[in-house]
Every structure is written in structure tokens, then in C-alpha cells.
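Please examine the sequence and the model shown below before reading on.

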Amino acid sequence: SHPNLGDRVPVSLKIEIRGGKVCGTWDVVTNGCSTTQHWCSVFEKEMQNGADTLGHEAPYDLSRWTWTSPLCNQYNVKFTIEVKRHGQFLQGEVLRLPRLASGERPTPVARWNFRNKKDKDAFTDEIGGKKGYAMNNKYSLDEDGLVLRGDCCIYSEPLGLSMREKTLEVWVELFNLEQREVGIMSFGEMSRPDAAFDGLVFNQRHEAEWIPCSEFFNRYETIAGGAEKQAGIVHHMAITYAEDNTITLYRDGLQYGSSYKVADPGLLKFSEDSRIVFGARHYWPDADRGADKFVGELSGRIVRAALYDRALSQEEIALNFGAGSLKLWETPGDRRMACESPEDEANMDALRAEFPDHVEIKDTEERSITLQQLKRVFRFAAETCHTWGYTSEDEKARSMKTLDLYGLCKWLIKPATVKLQCSLVELMASGPQRPKWFVSHWWGETIVDFVRCLSRHASLRSLDCEAAFWVCAYANRQHSIGSEIPKDLKSTSFHKAMKLAVGVLLVLDESAKALTRIWCAFEQFEAVEISGAYQEEKSRTCLLDIATCHKGDAVVLTEGPVAADEIDQKVTLAKASREKRFPKNIIEQGLKLDLKGAEATQTEDKDRIVKWMDQRGGVDEANRRLRSIFAISSWRQCVVDGTVAEMKLPMVLSEDNHRRTLKFDFSFLWKFSNDDADQFAKGIPDSVLDLEVDFEWCIALGNAGLDAIADALGRTKVQTLHLNLRSCDQLSWECFANLAAKLPNSIQSLGLLLHKELDDKCVVQLADHLKQKPGLSRLQLCLNGCSKLGTGVIEQLVEKAPPQLMELDLNIANCPQMKNIDVIQFSAKLPQSLEKLHLNCDGCRDIDSEGLLHLASELDRRSREISKISIHAAPHLMATTFEYLKEWIKDQKAKKRKSIHEVKAMNIDEPSTK
């Protein structure tokens with residue numbers, strides 16, 4: 001049966017098991033049409049939920065699928081699965097259910113149904129009776145629901161509900177996928193622009209994707225659910241906010257993207273004054289303007305919605321959607337008797353059966369283990385560890401919750417490899433496996449957390465199943481360990497493996513024990529490439545990532561953004577949001593670490609490693625570099641907590657004389673103050689050459705704060721600087737002029753994104769000071785939406801430009817006073833040195849083909865060697881402009897110019913204009 005198509009719907013179902021995952025395809029045929037629904041994550045997720053419910057941490061092996069009733073009948077589709085774990089079986093059944101009676105569904109605390117409603121009573125909560133109101137009244141109601149076409153939203157009166165845990169549920173249709181940053185359903189106090197809220201938003205941080213939004217993204221992380229491909233479809237959307245601070249988004253009954261846990265202080269408890277808003281991200285009364293305001297208006301249809309005072313389960317959400325459910329329960333199975341020792345015949349028989357093959361790999365550094373092989377070891381341990389010993393000495397080894405590498409080595413690695421005197425990798429690999437990443441860790445962390453960290457890291461770094469990690473316990477031959485670790489550290493397997501890897505992954509347990517172990521200190525020392533000799537041997541940079549498990553989830557600090565961050569429109573903010581859950585206690589230990597004070601099981605190991613570091617004169621600088629990694633990763637969260645000074649972050653960062661590149665994202669921290677800016681300024685290392693900082697929407701940042709940063713930059717030799725100061729409306733022209741004046745003469749590339757309240761005086765003052773910078777060759781200036789800029793200002797900007805300027809990126813989009821004469825004057829004053837020009841005048845209604853034709857003809861007349869011209873203009877621009885520009889390009893090619901010329905026209909339907 002199907003919730004929309006009725007009973008006895010013909011269905012074809014294909015089931016596959018690929019790499020341990022259940023994958024399948026529904027083909028539903030009705031009225032001669034076929035639709036396909038793909039699913040796999042629902043099973044994997046629900047089986048993990050079943051494991052957590054039963055108190056087991058082990059993964060599941062899918063042993064077989066069994067049909068127990070006809071594939072299609074009048075009521076449901078039903079089949080069972082059997083899952084083997086610890087020698088037992090978990091049985092379950094998957095049901096495709098018809099529509100249920102209302103009493104069987106979870107009960108909301110507020111509900112709205114907009115279908116077949118003809119008056120404003122449609123906006124009233126059907127349960128609590130709280131009324132709703134339309135902002136601007138630009139809506140319509142029909143048999144299918146509430147229609148909003150932008151510039152309108154619906155808001156309720158205060159619901160009188162105080163809650164922390166909750167679920168937002170809504171059925172919504174998008175009329176187009178091009179609309180940006182649109183709110184569907186939000187819940188919060190809605191009393192002022194910076195008031196807290198949680199809500200469902202479309203196409204804000206990721207192209208055509210849904211996200212669980214909040215004020216200034218305080219409770220948001222990248223979930224990568226995938227882009228919508230088609231408009232005009234009603235989707236069932238739900239967001240759950242659980243008691244353990246987990247936020248999960250669902251689309252049409254299935255989880256959408258990944259869930260995540262909000263960093264401390266976690267979810268907010270909203271007061272009884274909280275409201276629901278439909279069709280906008282946020283709504284608030286604006287007493288100053290005498291009218292209420294809202295942002296992120298929707299063009300679409302809302303069918304119905306509900307609010308729950310708890311986090312619904314995936315099963316409940318699937319039932320609300322009508323998609324089905326999965327239930328697991330445990331049945332008795334045979335348990336093997338405990339083994340007295342690792343050499344017990346039962347243990348050895350199991351090991352021989354699991355690891356029957358062998359291939360010799362001569363070079364230890366090429367004995368890396370793939371994640372798939374590591375999970376094979378993990379699965380075997382999960383099924384057999386309950387038989388490992390019966391004394392208190394082996395108690396930790398008998399449970400996957402406590403099993404560590406010491407126990408695994410005793411009961412699995414050594415007995416499995418004793419006959420052939422080989423490494424464990426040589427019992428699983430088909431040949432040499434060169435390392436992609438080197439893993440530095442302490443043997444005392446649990447195997448469960450270790451695998452979680454490597455799995456999360458592989459996902460973030462987009463590593464395939466064949467990518468290998470070098471892990472000493474699996475790579476070294478444990479029965480001849482002395483030959484693997486000679487006295488010459490340069491000849492050790494550790495050193496050789498690191499030379500082959502692209503980076504080092506430092507895995508920390510909850511006590512960060514690896515920061516206090518001497519071999520880990522040696523590996524961290526090598527990772528930061530302090531030694532000049534080491535740099536000669538390995539010319540490329542060695543990345544350093546740090547991972548740990550916090551409350552059951554792996555969190556990874558990465559050196560630079562990863563693919564999951566880069567799909568976000570604000571890359572550095574996505575990275576900061578992802579990393580903010582890294583445990584504070586580990587951060588504190590990282591800020592104080594001292595490699596020279598690390599411990600060792602063997603005293604002689606510590607003596608030679610300390611001597612090795614001292615000979616290279618780098619241990620102190622290695623400490624500074626490693627401490628700064630923890631300082632940078634924690635800085636944003638410490639601003640939120642007000643603990644930047646307490647954690648001594650400025651001192652730690654400023655001492656890192658090795659650092660050349662520095663990127664920070666403080667955007668949407670609306671409480672980021674002048675004091676916070678002063679602390680940040682104190683932390684800027686004198687050695688920095690490339691600095692990028694995003695302060696967008698730091699509305700409390702004032703002149704004193706930016707002046708402190710300008711003073712700090714004046715003592716550096718920074719070459720590249722990019723500052724985003726959009727919506728920092730307290731900043732005046734004086735602080736921008738001071739910033740430009742304080743910049744060192746080493747500056748070569750400058751990018752400034754400024755707020756909308758600036759006027760001509762600010763731009764002119766900026767230009768006057770920048771002209772004095774002898775090395776400035778690249779300038780990006782964003783003045784988007786500056787309504788106070790008048791005629792002649794961009795002419796003065798280029799007239800005062802540094803004579804050596806080679807690249808200019810000027811954004812004057814949506815500046816209402818810009819006219820054709822401005823572009824004409826601008827083109828006449830462009831410096832002779834210019835090689836690249838980007839001009840964005842989109843939204844300037846008084847700039848048309850006349851101004852841009854003059855720009856093109858001026859460039860042609862002066863025969864400039866321009867390698868690239870990019871013009872982003874308004875849709876009303878006439879086609880003759882582009883015809884001229886295309887002819888100009890042909891003429892340039894005919895003159896055999898050295899560079900490729902490009903004219904890019906945006907928002908134009910004619911494809912030939914590019």
C-alpha cells in the first residue's frame with residue numbers, strides 16, 4: 001500500500017548488500033508512470049539505534065534476508081532480517097504501513113492545517129487555540145494549503161509553551177529552487193533582530209539544500225544532505241532537537257544528511273513567549289520604524305505543520321510520513337566458553353579461520369591498514385572478545401566498551417601472527433599498502449573510539465575504502481619489535497612511514513594521554529617539520545589533524561578546510577562550527593603541552609628521542625606550533641564562552657613564530673566586542689604573511705576594536721590581507737582610514753568587504769592611504785549596497801590607485817546613485833599597469849549599455865594588455881553591449897594578444913554572451 005496511491009500498488013523491490021550496507025531500490029508503478037525511491041541509510045541508522053538500545057557497541061553483520069509475507073498485499077510490505085552479533089542473532093521486521101489512525105501517531109502540542117481553509121482561522125493553532133496573523137496579507141488559501149509568494153509571513157501569538165527538547169514538522173512545497181535563504185518554519189521568542197530561534201531554512205549555506213538554522217548559526221553544523229533537484233513537490237520535513245543536544249533533519253521519512261551534537265551549552269530552552277513563524281526565517285517588531293520586520297520570505301506552499309515538546313524517533317517520523325518502520329529485538333544464541341589464554345585452541349582456531357592468508361611485505365612503512373581491514377579486525381573482536389580470559393586482568397579485553405590495543409595485541413595480534421612471525425597487515429593485504437595518513441595515538445584508548453575517529457577522519461578527508469592508515473600495532477612485527485625500532489630514529493618504521501604520508505592524524509582519548517607519551521611526542525615533532533634537515537628530505541607540507549571522541553561522537557580538528565566545509569558558502573564558518581564540539585579539557589591540555597616532558601615505558605627511548613629533538617633545536621618551537629593549533633581551533637567558542645583571556649589564547653598564538661598563514665571566522669558572533677578584537681590583535685603572530693578574518697555581522701565591533709587590529713598589523717610584514725566587515729555598522733570612516741594607514745609596506749594583496757553605511761569620504765580616505773603602499777598590486781573592494789556613495793567616487797578611487805596595481809575587483813552592486821557617467825569616468829582613469837579587472841554593477845539601474853560600451857571602447861582605444869575582464873551586470877543590459885564586446889574580443893585575438901580574454905555576463909538568457 002502507498003499513502004498517496006492507495007492499496008495494491010505494483011512494486012518491484014531490489015535488495016543488495018554492498019560493503020556491509022543494505023542498499024535497495026523501490027520501483028512503484030501507477031497509471032503507467034514509474035517513480036523510484038532509493039534508501040539505505042535508514043536501515044544502517046536504525047540498526048545502530050537498536051544496538052544502542054540493547055547496550056551493545058559492536059557493528060552488525062547482515063547474515064541473510066527472509067521474506068515472510070507476500071511482497072505486496074492489501075495492508076503492507078513486510079520482510080524480516082537476521083543480524084549476527086556476538087554469536088547471537090538480532091531479528092527484526094520492516095513494515096511498509098498504510099495510513100494509521102490518528103490515535104496511533106505521536107501527539108503534538110500545537111498543530112496547523114491550512115488545507116481547505118478560507119479565512120484567517122486557518123492560522124489558529126488547532127490544539128492550543130493561539131491565533132496567528134499575516135504580515136503584509138500577501139497570501140492565499142486554497143484546497144491544498146497556504147500559498148506564499150514572497151514579501152509575506154505568518155506569525156502566531158506567544159504559544160505559552162516553554163521547551164528545550166522539541167520537533168518541528170511541516171509539509172512544504174517550493175515553487176522554485178532559485179529562491180535564497182528562505183525560512184519555512186521557525187520557533188523562538190521573535191522579540192528583536194538578535195533573538196534566539198530554531199528553524200527550517202532552504203538554500204542558505206548550501207546550494208538548494210535544507211538546513212536546521214538558528215540565530216547567527218549558533219546551533220548549526222554542515223549536514224550535507226544533498227541538493228533538491230525539482231520544485232513543485234510537497235515534502236515532509238522534520239527537525240528533532242533531542243535531550244542529548246543532538247539535532248537531526250528528516251526529509252520524507254528518512255534522515256537528511258548527518259545528525260550532530262550541539263556544543264556546550266547545547267540547546268536553548270525557549271520561554272513561554274515563543275512564537276511560530278511560517279514563510280520566513282525570523283520575525284520581530286520594529287518600534288523605530290513603526291512596522292514589524294521579517295527576513296527570508298518563502299515562495300511556496302505550506303500544507304500543514306506541527307510542534308512537539310519532545311524529539312520524535314525516526315520510526316515516529318517515518319510513520320507520520322507513511323514510509324514504514326524498522327524494529328529490532330534480541331533472541332538467545334549460543335555463547336562460546338571463555339578461553340584461558342590467547343594460545344587456547346579455541347581462540348587459535350577462530351584466528352586461523354578469520355586470517356587464513358599471508359603475503360610478505362618487506363618494508364614496514366608499506367604495511368598500512370585500510371579502514372575496511374581495520375573494521376574487519378573490529379568485527380572479529382566484537383564477536384569473540386567475550387571469550388578472552390576470565391580473570392580480572394583480562395576484564396577490559398572482554399568488552400568492546402573497554403577493549404584497548406593492549407588487550408587486542410595480547411588476544412588477537414600476537415597469537416594470530418606468532419606462527420609466521422609477521423605483522424597483522426600481512427595476514428590481510430594482497431601486497432604493499434603505502435600510507436595515506438600516519439596515525440599517532442596511545443594504545444590505551446578504546447578500539448571503539450579509535451575506529452570512530454578514523455572513520456570520521458576518512459569521511460571528512462574524502463578517503464576511499466582503499467586509503468590506508470599507518471598504525472604501528474598492525475604494521476610492526478610484534479614478535480621482532482627490536483628490528484622495527486633501531487636506535488637510529490631516522491631508520492625507524494615510524495620515521496619512514498611519515499615520509500610517505502600526506503599527513504599525521506593524532507588520535508586522543510578523553511584524557512589526551514597521547515600528548516604525554518614520548519613516541520607520540522616524536523611523531524608530533526616530525527609532523528610540524530621543525531628540523532631543517534627534515535624539510536630538505538620532504539619538500540611538501542605535512543598536514544596535522546587531531547581527532548577524539550566526545551560523548552560517543554568523533555570530532556576532528558583539521559589543518560585547513562575539508563570538502564564538507566567547502567560546499568558551504570561560508571567555508572571557514574563551517575569548519576569552526578564543525579570543530580566547536582572538541583572537548584574543552586583536551587583543548588586545555590593541548591595549550592600546555594610540553595613534548596620534552598613526555599613519558600616513556602623504556603627510559604632509553606625517552607633519552608634518545610629528547611636528544612634527537614635537542615640536536616635539531618626545535619622542541620620549543622614544536623611546542624609553540626602544536627599549542628597554537630589548539631588555540632586557533634578553540635578561539636571562536638572561547639569568544640562565546642568569554643574565556644579567551646582565561647585560556648591565554650593570545651599569548652599561545654603570538655608565540656608561534658613558525659606560522660605564516662592565519663584564518664579566522666568570527667562571523668555572526670553578534671556579541672564580539674572591542675575587547676574581543678583587542679585580544680585577537682594581541683594574538684596575531686609577527687611572522688604572519690597571509691591573514692584572513694571574517695567579522696560579518698559582528699554588530700558590537702567598533703572603531704577601538706578595529707584600531708587595535710590595525711596597530712597589530714602594523715608590526716607584521718603581512719603580504720595578503722582579507723577582512724570581511726559586512727554589517728559591522730558601528731565602524732566609521734576614521735577606523736578604515738587608520739587601517740589603511742597602518743598597513744605595512746609589505747602588503748601586496750588587500751581585500752575589504754565593507755558595510756552599507758559608508759559614504760564617499762571613507763572611500764576617498766582609503767584610496768589616499770593605499771596609494772602610499774608601494775607593493776600593493778591586487779585590490780578587492782566590496783561596496784555592495786552602499787546607498788550613500790555618490791557620483792564621482794569610483795573615479796577618485798582608480799585615480800588614486802597605486803601605480804603598480806595589476807588586479808582590481810570592484811563591487812558596486814546595488815548602489816542606487818551609481819550612473820553611466822561613473823563607469824565612463826572610471827574607465828578613463830584605470831591605471832596603465834592593470835592586467836585583470838572585475839566590475840560588479842548588478843542592481844545599478846542607472847548603469848546600462850552606454851556606460852559599459854564606453855568601458856569596452858576605452859579599453860580597446862588604449863590597447864591595454866588585459867588578461868581577463870569580468871563584468872557582472874543587471875539583466876536589463878541591452879544585447880548590443882555584448883555584441884560589441886564579442887567583436888572586441890575577436891579583434892584582440894586578431895592582434896595576437898598574449899592572454900585569453902573573457903567577458904562574462906551574468907543573469908542574461910542569451911548563452912552566446914559568454
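Predicted model: local features only at pLDDT ≥ 70, side-chain atom pairs only at ≥ 80, totals over all residues.

Q: What percentage of the residues of the chain count as buried?
A: The chain has 25 helices and 38 strands, where helices (H or I, at least four residues) and strands (E, at least two) are DSSP runs numbered from the N terminus. Among contacts (heavy atoms within 4.5 Å) between residues at least 6 apart in sequence, 73% join residues at least 24 apart. Buried means under 20% relative accessible area, exposed over 50%, and partly exposed in between, with a 1.4 Å probe and protein chains only. Of the 914 residues, the share that counts as buried is 55%.

Q: Which are the edge strands of the open sheet with antiparallel pairing?
A: Two strands pair if DSSP finds at least two bridges between them. The sheet has 6 strands in the order β8-β11-β20-β13-β14-β15, and its twist averages 15° from one strand to the next. The strands that pair on one side only are β8 (132-135) and β15 (210-214).

Q: Which residue in β20 is the bridge partner of I154?
A: Strand β11 (residues 153-156) and strand β20 (residues 275-278) run antiparallel and are joined by 2 bridges. In β20, the partner of I154 is F278.

Q: Is R275 buried or exposed?
A: R275 is found in strand β20, and residues that it touches, not counting those up to four places away in sequence, include Y155, S156, E157, F187 and M190. The C-alpha atoms of R275 and G160 are separated by 8.5 Å, although the two residues are 115 apart along the chain. Because its relative accessible area is 18%, R275 counts as buried.

Q: Which residues point one way from β15, and which the other way?
A: In a regular strand the side chains alternate between the two faces of the sheet. Strand β15 is mostly covered, with 5 of its 5 residues buried, and 5 bridges join it to the antiparallel strand β14 (residues 197-202). W210, P212 and S214 point one way, and the other way point I211 and C213.

Q: Where is F216 found, and what is its phi?
A: Most residues other than glycine have a negative phi. F216 is found in the loop between β15 and β16 (234-241), and it counts as buried because its relative accessibility is 10%. Its phi is positive, at about 55°.

Q: Is A224 buried or partly exposed?
A: A224 lies in the loop between β15 and β16. Its phi is near 55°, a positive value in a residue other than glycine. At 40% relative accessibility, A224 counts as partly exposed.

Q: What is the strand order of the open sheet with mixed pairing?
A: The edge strands of this sheet are β25 (369-370) and β30 (553-557), each of which pairs on one side only. β25 pairs with strand β27 (residues 468-470) in the antiparallel sense over 2 bridges, and T370 has A468 as its bridge partner in β27. The order of the 6 strands is β25-β27-β26-β28-β29-β30.

Q: At what angle does helix α16 run to β29?
A: Axes are lines fitted to C-alpha atoms, for helices over the stretch in contact, and angles run from 0 to 180 degrees between N-to-C directions. Helix α16 (residues 619-641) lies across β28 (503-508), β29 (543-550) and β30. Its angle to β29 is about 60°.

Q: Which residues does N623 touch, not counting residues up to four places away in sequence?
A: The place of N623 is in helix α16. N623 is buried, because its relative accessible area is 3%. The residues touched are L593, D594 and L595.

Q: Which elements give two or more residues to the lining of the second largest cavity?
A: The elements concerned are α21 (760-770) and α22 (793-799).

Terms used:
Residues numbered from 1 in each chain as written. Heavy atoms only, no water.
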